[in-house]
Amino acid sequence: MQFSKSLLYLSLFGALCFTSCDNDDEPDMTPDDPGLQVPSTYTFTDADGNSTVSYNGQEQRLEMLSEITTYMKTGNTSGNAVDAQQLKDMYANENITWADAPGLGMTGSSKQLKSKTGAAPSGTPDPGFIAYFEGLMDGLGFVSSTTVAGNDNGGPGQAGVVVSTTNPSKQYLQDANGQEFVQLIEKGLMGAVFYNQIQLHYLGEPLQNSDNTDVVDAANGKYYTQMEHFWDEAYGYFTTATDYTPGGGNGTNRFWGRYADGREDVLGSATSISRAFRTGRAAISAGDMAERDAQIAVIRDELQKVAAGTAIHYLNDAIADFGDDALRNHVLSEAAAFMYALPFGHETIANQAQIQTWLTLIGTDFYNVSTTDILTVRDELAAAAGLSDVREDL
């Protein structure tokens with residue numbers, strides 16, 4: 001199954017992822033279990049007041065992708081060469097010194113993105129996905145090395161920096177077909193790593209088989225059970241903010257926390273996902289596995305809507321920006337990357353063959369795409385996701 005998913009990437013782009021709640025928080029009461037107290041923030045403690053929440057590995061990986069993205073975007077200015085080997089070192093956390101502004105201990109850490117890329121529930125990464133992303137990194141490095149300062153000559157059949165004709169402050173490094181390396185890598189890893197880890201790993205079989213009786217290691221500050229910890233790690237891939245606040249507040253500045261918030265006005269997914277994470281964690285700590293499983297279903301469904309809804313959002317943008325090569329190609333790259341995430345879901349809204357059909361309809365040459373094809377993909381994706389009524393609002 002994982003191998004076939006990696007082919008979806010490679011075939012399209014070739015060489016070119018029992019403790020109590022904190023009583024200081026005002027509890028919300030859940031409809032399914034009126035006796036369950038749910039804190040207003042992702043804050044949980046044991047009877048002695050020790051925090052039982054830990055997701056440092058996820059904090060590191062989110063920050064790693066943030067730094068990778070910042071470095072990749074330097075290539076959007078002609079004359080700035082991005083070192084492909086440095087990108088691959090950052091991806092594997094090898095031979096790299098991180099800026100690590102939050103002080104997470106990233107340099108020399110065992111945490112990395114590469115080993116989690118397209119990973120099966122067993123934890124084994126998919127070599128096909130890894131090859132895909134490293135191929136994009138090589139492509140970004142090569143194309144950026146060919147650009148000349150002051151000469152933004154990217155366009156149909158010519159790789160390079162493409163400048164927006166409607167907003168010249170926006171410019172993007174794209175290949176000869178208009179595909180944007182930065183978006184395919186950043187959003188692609190959001191799917192192949194973060195989305196995959198949430199949907200299929202930490203809310204999947206490993207969680208179901210984990211222990212919820214014994215504290216892992218209180219002597220070393222690990223006051224949580226294994227099951228509580230797995231749930232926390234799923235949350236950490238969504239957002240690292242304990243006080244995640246939909247509406248542009250804390251935790252809405254990057255990755256899935258950002259894009260859930262971006263669809264909040266239409267879908268309400270940011271509120272639903274954050275509430276479900278808090279409710280499910282409270283249920284685990286209370287030993288209520290039925291409620292835990294109900295919240296898993298909410299998270300999986302809403303996160304899938306965020307992925308599909310965001311792809312639809314960018315397809316709408318592609319129609320709005322159709323006459324501007326730079327902007328159209330930019331948002332089509334984002335739309336494609338969010339569609340790539342869908343096969344990593346649990347009981348995904350569309351099988352891999354259907355997703356590949358949609359991506360093939362858009363085509364690999366974004367300079368030759370038609371508005372008719374974009375709208376066809378948008379409408380079929382919206383129908384599959386149950387979003388037809390709001391497809392034009394996304």
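**Entry 1: ground rules**

I am working with a predicted model, where local features need pLDDT of at least 70, side-chain atom pairs count only at pLDDT 80 or more, and totals for chains, interfaces and linings use all residues. Residues are numbered from 1 along each chain as its sequence is written, and side-chain values use heavy atoms, with hydrogens and water left out.

**Entry 2: two helices that meet**

I noted how helices and strands are named: they are DSSP runs numbered from the N terminus, helices (H or I) having at least four residues and strands (E) at least two. Two packed helices are described by the angle between their axes and the distance between the axes. I looked up helix H3 (residues 84-92) and helix H4 (residues 127-146). Their axes come within 8 Å and cross at roughly 150°. Axes here are lines fitted to C-alpha atoms, for helices over the stretch in contact, and angles run from 0 to 180 degrees between N-to-C directions.

Which residues of H3 make the contact? They are Ala 84, Leu 87, Lys 88 and Tyr 91. On the H4 side I found Ile 130, Phe 133, Glu 134, Met 137, Asp 138, Leu 140 and Gly 141. Contact means heavy atoms within 4.5 Å. I sorted the residues of this contact into seven nonpolar, one polar and three charged. In this sorting, Ala, Val, Leu, Ile, Met, Phe, Trp, Tyr, Cys and Pro count as nonpolar, Asp, Glu, Lys and Arg as charged, and the others, Gly among them, as polar.

**Entry 3: the cores**

In soluble globular proteins, nonpolar side chains tend to be buried together. I used the rule that a nonpolar core is a set of buried Ala, Val, Leu, Ile, Met, Phe, Trp, Tyr and Cys residues joined through side-chain atoms within 4.5 Å. Buried means under 20% relative accessible area, exposed over 50%, and partly exposed in between (1.4 Å probe, protein chains only).

The largest nonpolar core has 102 residues. Among the members that touch the most others are Leu 140, Trp 231 and Trp 256. Helix H5 (residues 181-202) gives the largest share of this core, 12 residues. I then listed partners of Trp 256, leaving out residues up to four places away in sequence; they include Met 190, Phe 194, Phe 238 and Phe 338.

**Entry 4: salt bridges**

I counted 13 salt bridges, each a side-chain nitrogen of Lys or Arg within 4 Å of a carboxyl oxygen of Asp or Glu. Arg 281 pairs with Glu 228, the closest N and O atoms being 3.5 Å apart. This pair links helix H10 (residues 269-285) to helix H7 (residues 226-238), across 53 residues. Arg 281 also meets Asp 232 in a salt bridge, at 2.7 Å from N to O. Arg 281 and Asp 232 are 49 residues apart in the chain.

Are Arg 281 and Asp 232 buried or exposed? Arg 281 is buried, and so is Asp 232. Glu 228 is buried too.

Asp 293 and Arg 292 form a salt bridge at 2.8 Å, N to O. Asp 293 counts as partly exposed because its relative accessibility is 33%. Arg 292 has 3%, so Arg 292 is buried.

Where does Thr 147 lie? I found Thr 147 in the loop between H4 and strand E3 (160-163). Its relative accessible area is 11%, so Thr 147 is buried. Thr 147 and Gly 79 are 68 residues apart in sequence, yet 5.1 Å apart in space, C-alpha to C-alpha.

Phe 181 is in helix H5. Its relative accessibility is 1%, so Phe 181 counts as buried. Phe 181 and His 330 are 149 residues apart in sequence and 9.6 Å apart in space, C-alpha to C-alpha.
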